[in-house]
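Let us read a structure together, one feature at a time.

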Amino acid sequence: MGIKKENVTRRDFLVKSGTIAGGVFFASLLSPFKGVYATKEPEGDGVWYGIGIDIEKCIGCASCARACKNENDVPKEPFFFRNWVEQYTITNNEEIKVISPNGGIDGFTQTVPEKDIYKTFFVPKMCNHCEKSPCTQVCPVGASFESPEGLALVDQNYCIGCGYCVQACPYGCRYIHPDKGVVDKCTLCYHRLTKGLDPACMLACPTRARIYGNLRDKDSEISKFIRDNNCVVLKPQLNTGAKLYYNSLNQEVR
Amino acid sequence: MEKFESLYHALANLDGYIFPNEIVLNWDVLIVMYPYITGLVAGAFILASLNRVFNIEALKPTYVISLLTALSFMLVATMPLITHLGQPFRFYEMLITPHLTSAMAIFGFVYLWYLMVVLLLEIWFDYRYDMVIWSKEKKGFMRFIYKALTLWISDTSVASRKTDDKLGYFITVVGIPSAFLLHGYVGFIFGSIKANPWWSTVMMPVIFLFSAMVSGIALVMFIYMMINFIRKQKNDILCLDTIAKFLFYILIVDFALESLDQIHRIYEADESFDILKILVRGKLFFTFFIMQIGVGTLFPLATIGFFQFYKPKEHIRKIMYLIVSICVLVGIFYMRWNVVIGGQLFSKSFLGFTSYKADLAGGGSALLALLWFIVPFLILAFLLWLLPPWKKAPHVEHIE
């Protein structure tokens with residue numbers, strides 16, 4: 001039993017390799033690959049929303065941000081956004097420059113000379129509607145909550161305006177409404193969804209860079225988008241279960 | 001437009017990139033005041049317990065003062081929070097419909113437990129006999145007040161006083177973990193925010209607890225000297241030396257814990273380290289290195305540490321104790337500042353900074369915060385007038 005075999009043959013090697021490979025294969029059958037990264041839809045039927053953004057299609061027009069402000073009575077000042085666009089520029093010296101003048105609504109002016117640009121791209125940002133959302137976790141009165149459709153919503157008649165959720169959101173997606181004294185954030189235009197209409201930002205996007213849909217339906221556009229592309233979520237290390245998926249996003253983006 | 005003037009100013013003075021919603025600094029100086037005042041309560045109470053539970057005779061002159069100080073600040077502790085709310089009149093929702101996964105929701109209950117069960121009961125048992133006596137001595141309205149305060153119980157027998165003493169002792173024993181809970185819990189409110197690397201450390205509750213003790217002890221030391229100054233009484237130097245000794249020990253632990261936190265941060269140097277390094281060396285340089293560490297920690301440590309080996313003349317010690325207590329109070333205020341404000345100056349994108357001006361979140365924040373710091377002193381003056389510790393009957397043990 002305890003005697004070490006002196007002569008390890010090629011046959012032994014093959015047997016061991018085969019066992020390991022087979023083991024890995026059977027283990028992978030036990031836990032099948034999930035297309036949805038870092039989160040899993042809860043039990044139930046009905047829609048469970050996810051959002052996808054195709055970085056390569058975004059032209060930085062910020063129609064989404066503009067439409068969102070108009071649709072949702074977001075204050076026009078450049079300190080309150082449910083939805084905004086960032087421009088990333090990576091220079092030949094590997095420096096990262098990020099701007100978002102008025103959330104992109106005023107348009108972007110590239111200040112880096114063209115010869116110094118290695119690459120540049122736009123990143124639209126909005127609520128990630130996390131499945132394990134840190135913002136709803138910390139709400140002291142339960143005014144922030146997750147809807148059965150997987151959307152992080154706020155009951156503004158109930159919110160006390162403590163701002164704890166604003167601190168807890170890793171993505172900077174919440175703000176205290178200056179007139180209402182309560183928190184405000186993206187609802188994925190819940191008021192439109194319930195009427196069978198698309199969210200304002202989705203409708204306004206001229207290049208169809210934004211998609212959304214039911215993650216439970218494996219044939220939905222969003223499920224296909226996540227499956228077919230190399231999708232990532234922001235700050236996966238925080239395990240928020242974010243459901244905003246970006247296609248081929250640079251790791252510099254936070 | 002005027003309302004947003006300071007925000008536009010902040011927008012024009014950004015360093016690097018921050019998320020657009022981060023320009024508004026949501027937690028302002030009022031939220032700095034909240035852990036500061038709560039810490040003073042917990043610290044003052046723990047000093048009282050040192051005398052009562054651990055029987056440190058030398059601290060006797062400060063026992064009742066510590067309790068009354070704790071109560072004065074406790075009565076105001078929630079005010080910075082409530083006045084900071086966007087909807088202050090909805091604050092009660094936190095008590096009647098608490099959301100149990102929220103660290104903040106439990107504060108109301110911890111607060112009420114501490115105020116009602118610990119502080120008020122302990123002070124009541126401590127003063128019950130005296131209030132009965134005073135109710136007999138006074139006339140008219142004051143007689144009624146004292147009677148009401150005794151809850152119309154007029155038993156002055158030795159046996160009843162001994163029962164008071166026993167119950168008071170029991171409450172103090174319960175009170176120590178409660179004080180730990182109260183302030184450790186405040187630390188958890190910040191320490192549990194994983195989105196913010198400046199806050200998110202498991203050390204936060206412990207650091208808050210020890211800094212609370214430091215600040216509470218310094219406050220009682222300061223108030224004790226002030227009361228004696230106003231009443232033209234002599235300070236008990238043995239008492240001051242003993243308080244200073246405890247302040248010294250706890251300050252060492254506090255400094256060690258905070259250093260450990262920073263050293264750990266520096267050594268681990270995770271993805272947030274680069275931005276935090278710039279933050280501490282830049283925007284927080286004055287408040288962190290000069291005020292918190294220099295004025296609030298190193299100077300008091302050096303001074304009291306020196307006194308442990310060589311004791312200069314009494315009056316020099318007294319003056320130094322007064323200066324040290326003020327320095328510690330200022331230092332701990334800046335410690336809270338560095339946590340609360342510092343944690344919001346850098347972007348969660350780790351790509352830039354915003355700046356802080358006191359009027360950023362609506363004009364009167366700084367004045368309001370100052371008000372909530374002054375009101376407890378007025379309450380304390382009232383309590384000292386109503387329940388003067390120097391007119392208390394001798395302790396029951398000394399009667400027999």
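Q: Which strand of chain A pairs with strand β2, and in what sense?
A: Two strands pair if DSSP finds at least two bridges between them, and strands (E, at least two residues), like helices (H or I, at least four), are DSSP runs numbered from the N terminus. Here strand β2 (residues 83–91) of chain A pairs with strand β3 (residues 96–99) of chain A in the antiparallel sense, over four bridges. Within that pairing, Tyr88(A) has Val98(A) of β3(A) as its bridge partner. The hairpin has four residues between the strands, and Glu94(A) takes a positive phi near 65° there.

Q: Before we go on, how should I take the model and its numbering?
A: This is a predicted model, in which local features need pLDDT of at least 70 and side-chain atom pairs count only at pLDDT 80 or more, while totals for chains, interfaces and linings use all residues. Residues are numbered from 1 along each chain as its sequence is written, with chains lettered from A and ligands numbered from 1 in the order in which they are written.

Q: In what order do the four strands of the open sheet in chain A stand?
A: The order is β9-β1-β11-β10 in chain A, with mixed pairing. Because β9 (210–214) and β10 (231–232) of chain A stand at the edges with a single partner strand each, one side of each is left without a neighbour in the sheet. Strand β1 (residues 49–54) of chain A runs antiparallel to β9(A), joined to it by five bridges, and Gly50(A) has Gly213(A) as its bridge partner in β9(A).

Q: How many residues does helix α9 of chain B have, and how far does it reach?
A: The expected span of a helix is 1.5 Å times one less than its number of residues. Helix α9 (residues 204–230) of chain B has 27 residues and reaches 38 Å from its first C-alpha to its last, close to the expected 39 Å. After α9(B) comes Lys232(B), with a positive phi near 55°.

Q: How many residues does each chain bring to the contact?
A: Residues are in contact if their C-beta atoms, placed from the backbone, lie within 7 Å. The contact takes 36 residues from chain B and 39 residues from chain A. On the chain B side, α1 (5–12) and α5 (93–96) each supply at least two residues.

Technical notes. Contact = placed C-beta atoms within 7 Å.
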